[in-house]
Amino acid sequence: MRSARILDKGIKSRTIRKRRREEKDTNRRLQTILFLVAAIVILTAVTVAGVMTEGYAAETDFSRRNLAPDLQHPFGTDWMGRDMLARTLAGLSLSIRIGVLTAAVSAAVALLLGTASVVFGRKADAVISWCIDLVMGIPHILLVMLISLACGRGFAGVVAGVSLSHWPSLARVIRGELIQLRQAPYILAAEKMGVSKLQNIRRHMLPHLLPQFLTGLILLFPHAILHESSVTFLGFGLSSEQPAIGVILSESMQYLTTGKWWLALFPGAALVIVVILFAMLGERVRRLLDPSSVHE
Amino acid sequence: MKHRLQFTGKKLIRMILLLLGVSIVTFLLMCASPLDPLQTNVGQAALGTMSQEQIAKLEAYWGTDTPPLERYIGWLGDVLHGDFGTSLLYRQPVLTVIGQRLAGSFWLLLSAWVISGVLGLTMGVIAGACRGRWPDKLIKGYCLLISSTPAFWLAILLLLVFAVWLGWFPIGLSVPVGMDAAAVTAADRLRHAVLPALTLSITGVANIALHTREKMIDVLESDYVLFARARGESEASIVLRHGLRNVALPAITLQFASVSEIIGGSVLVEQVFSYPGLGQAAVTAGLGSDLPLLLGITVVTAAIVFAGNLIADLLYGVVDPKIRKGAARG
Amino acid sequence: MEPILQIEHLSVYFTQYERGFRKKQLATVKDLSLEIAPGQIVAVVGASGSGKSLLAHSILGILPYNSHVEGTIRYAGQMLTAERAKELRGREIFLIPQGVTYLDPLMKVGAQIRKGRKDQEIRRRSRAALERYGLGADTEELYPFELSGGMARRVLIASAVTEKPRLIIADEPTPGLDARAAKRILSHFRELADDGAGVLFITHDLELALSVADVVTVFYAGETIEQAGTEDFACVENLRHPYTRALWHAMPEHGFKAVEGTQPYAGTVQTGCPYAAQCPICEDDCRAEGQIPLTAYKGGTVRCLHPEKGEKYDAGRT
C-alpha cells in the first residue's frame, strides 16, 4: 500500500498493474454472468428432470425395500422400494415450481401494496402499514399454517399461505424507496407540470425500482421454498401422496431410529443446495445491478 | 419524560389494535377452513354410526353450529374477562394449556435467543473487522449455508448424529415412556432441551451476524474511526472501544425485533424433538382444528412478538445518549 | 533548521468501483512536494474535491485499503514508513480534523481524549489540555452532540496537546465558524507553532491561510501548482501561476472577480496541465502528453510552462 518507490519506475509498474486489474475485472464480470447462466441451467434441469421422473418416483417395488445407497440407487430406497433419487428430484422440481409461483405472487402483492401506500395518500398508507405490522407480528410458520388451513391444506393451501405471508418486507422496501423518489427534484418538477400521479409513478418511479424489485423477487425464492417444505413437513401442506421434500423428510423421521439415515440426509442436502443456488443467484444479480449496496 | 410516556402509550395502543387484528384474522381464517373439525377428530365412520342428537351435541361442543360473528364476539367478551375458552382437544382451559406449554418453551426460547444474539453479534463484529479476509468469508459462507437450511432438517441431522448414533441425548418425548410426569427431574428436562436449543441457536445467528457485519463496516469507515486511527489507537482498540459500542445497540434492537423468527423456528424444532412446548401445541391444535387453542396461541405469540418490538423501540430511548439526554431536558 | 516534514513527488492512487464491477484507478494526489520546518505553518490551499485530505491521511498512514502511495515522505530526516507512521501518530504527529463528526457519538468527550487510558497522569493532562482552551472539567462528561461548533473545535485541538506535538496536520479545522471564531482557533495553531511544532494547515480558504501561514501551497485538481511565501500575496505581480492569480483576484479586497469555469475533479485529468481548460493563456504544448514539471521560479515553485506569458497577460488585465 504505502510504497516509497522512485517515480518513473513506479509509473511503469503502475500501468502494468492497471492493465492486470482491468483484465481481472472483466474476468469477474464474465464469471458472474457464467455463474448466473450455470445456476439457471441447473435449476431448470432439475425442474424438468423432476417432472420426467415423477412416474418412476412413485413406482413401488417391494423386492428392493430399504436399500442403503449404492450405484444403482445413489440415494437408496425407502420402505416401499421407491428410488429416493427420483423422489428427491421430483420433490425438488415441485418445490422450485411452487417457489417460483409463490415468490411471483408475493412480489406482485408487495409491488401493488407498496405503491398504493404512496399513491393513495396518508390514510391508505396507515392502513397498509398496519397490515404490514400485523402480518409481521405472527410468526411466518404460524401464519402459513393458518392460511393453508383456511384453504383446506394441500397444494392450494401451501401456495396461498406462502404467497400471502411473504410480501411485507419487500412492500416496505418499495414503499420506502418510493417515498424517497417522490421527493426527487425531477419528480416534483413533473408533478408541477401537470403529469398525473399514476403516470408519474409508471413512467418515472417504477423504472427506478426495477433493480430492487428484481433482486427482492429472486431473494424471495429461498424463503418461499423453505417455508413450503416446512409447512408440508408439519402436515399442513402438500398431501402425503405428493413427492414433496417436506413429505419425504417427515416420513424419514419414523425410520431414523432404525438407522435409515439416507432417507433424511440426501433429500435435505439437495434442498439446501437448491436454496443456496437461489440465494447466490439473488446476491449476484443484486451486485450486478447495484454494486454500491453490497459491502464486499 | 412526558413525551416518552406519550410515545410508549401510543405504541401500546397500536399494539392492542394489532392484537385485535391478529385475533380477527386468525378467527376468520379458521372459520373459512373447509375442514370439518368433526370429521377430523371423530372420524367419518364414527359419525355415521351416531344419532342426530349425539352429532348435534358434538357440533355444539366444536362450535360449528354458531354463526362466526356471534362466536367471535362471544370469544372477545370472554377474553376481556380473562377467559380464552377451553381447548377442545386437551379439554382444559386454553390459558392453562398455554401456561404449561410456555413454561416448557420459555427456557428453550430464551437460551436460544440469548446464545444466538451473543454469537451473532460476535461473528458480525469479527466479519466486519476482517472484511474481505478469510474470517469474513468463512462467516459469510456459514450465514449463507445456515439461512438456506430448513430448521427442521438441521434438527433431524442433529438428532441423527447426537441421539441415534452417539446416544448422548434422548430421541424424543420429554417424559420417558412408563414414567410418571412428576418423576421427571430437572436434569432430564435439561437433557431434552439441549438439542432443540442448539438447533435454534445455530439457525438464529445468520440474520444478526450479517446485519452487524454491515453496520461494523459502516462504523469502521466513519470519520470518528478515522480520527481514532489518526490518534494512534490500535485496530483492536478501535474495534472494541468504538466498533462494539456503536454496533451493540442496533444488534440488540434487531434481536428484540426478531423474536418472531425464533418462535417460528421453535414450532418446527419442537415437532422434530417431540418437545412438549408451545410450538408443538400449535401444530396439534392446527391439525385437530382446535380453534380456541390455536387462536389463543396465535394471540399470545403475537403479543410476545409485539412486546419484543416495543422493547426494541424503547431501548433506543434508554441507551442512545442523544435521545436520553434530550428527553431529560425537554 | 532541519525540516520536520519533507514530502517529495507524492502521488496517491485510488481504486474505485463502478456499475457492474468495473474498477478504475484515480490519481487523486499527483506529484506533490513540500517541506515544513519546526515553528513554521505551511498552508495547502485548494477547492474541495481537489484531494487535500488525502495528503493528510497519507502522511498519517491511514489511507483506506483501496489506495496506494508513491513518492517519499521523510519525518525528522528519516523515511516515514508505514510502521513508523503507526508509532508516531498520536504521539508526535497529530491530526486535527474538521468537526464533531470525528468524535465517537456514543462516547463521552473525556474518555475520547484519554484514549481509553484511566491513570491519574492522563486525567491530569487531559484536564490541563481542556483548560488551556478555556474548557472546564465538566466538558469531559459531555457527549459530542452536546458540544457547540466552537467547543468541538477546541476539544479536537485539546486532544492533540495532551502530548507534546512536533507535527500538526489541521484538515479544514474551521468550517462553519464565523471569521472571528475561526481566527481565534487559528491563533491556537500559531501558539503551537511558536512552541516548536510544524503545522500543515489544509484549507479551501485562501484568506484564512494567508492570515496565519508562512508558506502557501496551491492545490489544483490533485496537483500542487505553486508554492509561494505568504508575503508574495501582497502584490499580484509576485505570484507565479495563472490560477493563483485568479484566486488572488477573487479575494474580496482585490475585486471579488470569480474564477471562471469549474475545476476538474481530482484524478480526471490524465495528461498535460490540469488548468488548461480554464487558463486564458493556454498553449498547445500545455495539453501535450505527460505531466507539467514543477519548476523553481522567482523564489518559489510553479507548475506552468509559460509563467512569463501569464505575467504579461495579468499586467494587461489590471
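Among contacts in chain B between residues at least 6 apart in sequence, what percentage join residues at least 24 apart? The figure is 75%. Two residues are in contact here if their C-beta atoms, placed from the backbone, lie within 7 Å.

Some ground rules. This is a predicted model, where local features need pLDDT of at least 70, side-chain atom pairs count only at pLDDT 80 or more, and totals for chains, interfaces and linings use all residues. Residues are numbered from 1 along each chain as its sequence is written, and chains are lettered from A and ligands numbered from 1 in the order in which they are written.

Let's stay with chain B. It has 15 helices and zero strands. Helices (H or I, at least four residues) and strands (E, at least two) are DSSP runs, numbered from the N terminus. Of its 330 residues, 43% are buried. Buried means that 20 or more other C-beta atoms lie within 10 Å of the residue's own, with C-beta atoms placed from the backbone.

Now chain A. Here we have 10 helices and zero strands. Buried residues make up 42% of its 296 residues. Among its contacts with a separation of 6 or more, 69% are between residues 24 or more positions apart.

Next, the annotation. An unreviewed UniProt entry marks residues 30–52, 94–120, 127–149 and 261–281 of chain A as "transmembrane region". Such annotations may be inferred rather than shown by experiment. What does the model show there? Residues 30–52 of chain A are 100% helix, with end C-alpha atoms 33 Å apart. Residues 127–149 of chain A are 91% helix and 0% strand, and their end C-alpha atoms lie 26 Å apart.

On to helix packing. Two packed helices are described by the angle between their axes and the distance between the axes. Take α2(A), residues 84–119, and α8(A). They pack at about 145°, axes 7 Å apart. Axes are lines fitted to C-alpha atoms over the stretch in contact, and angles run from 0 to 180 degrees between N-to-C directions. From α2(A), the contact residues include A:Gly99 and A:Ala103; from α8(A), they include A:Gly216 and A:Ala224. By class, this contact has 14 nonpolar, seven polar and two charged residues. Nonpolar covers Ala, Val, Leu, Ile, Met, Phe, Trp, Tyr, Cys and Pro; charged covers Asp, Glu, Lys and Arg; the others, Gly among them, are polar.

Last, the interface. On chain A, 37 residues contact 42 residues of chain B. Helices α3, α4, α8 and α10 of chain A each give two or more residues to this side. The most come from α4(A), with eight. The chain A side divides into 26 nonpolar, nine polar and two charged residues.

Methods: A residue is buried if 20 or more other C-beta atoms lie within 10 Å of its own, exposed if 12 or fewer, and partly exposed in between; C-beta atoms are placed from the backbone.
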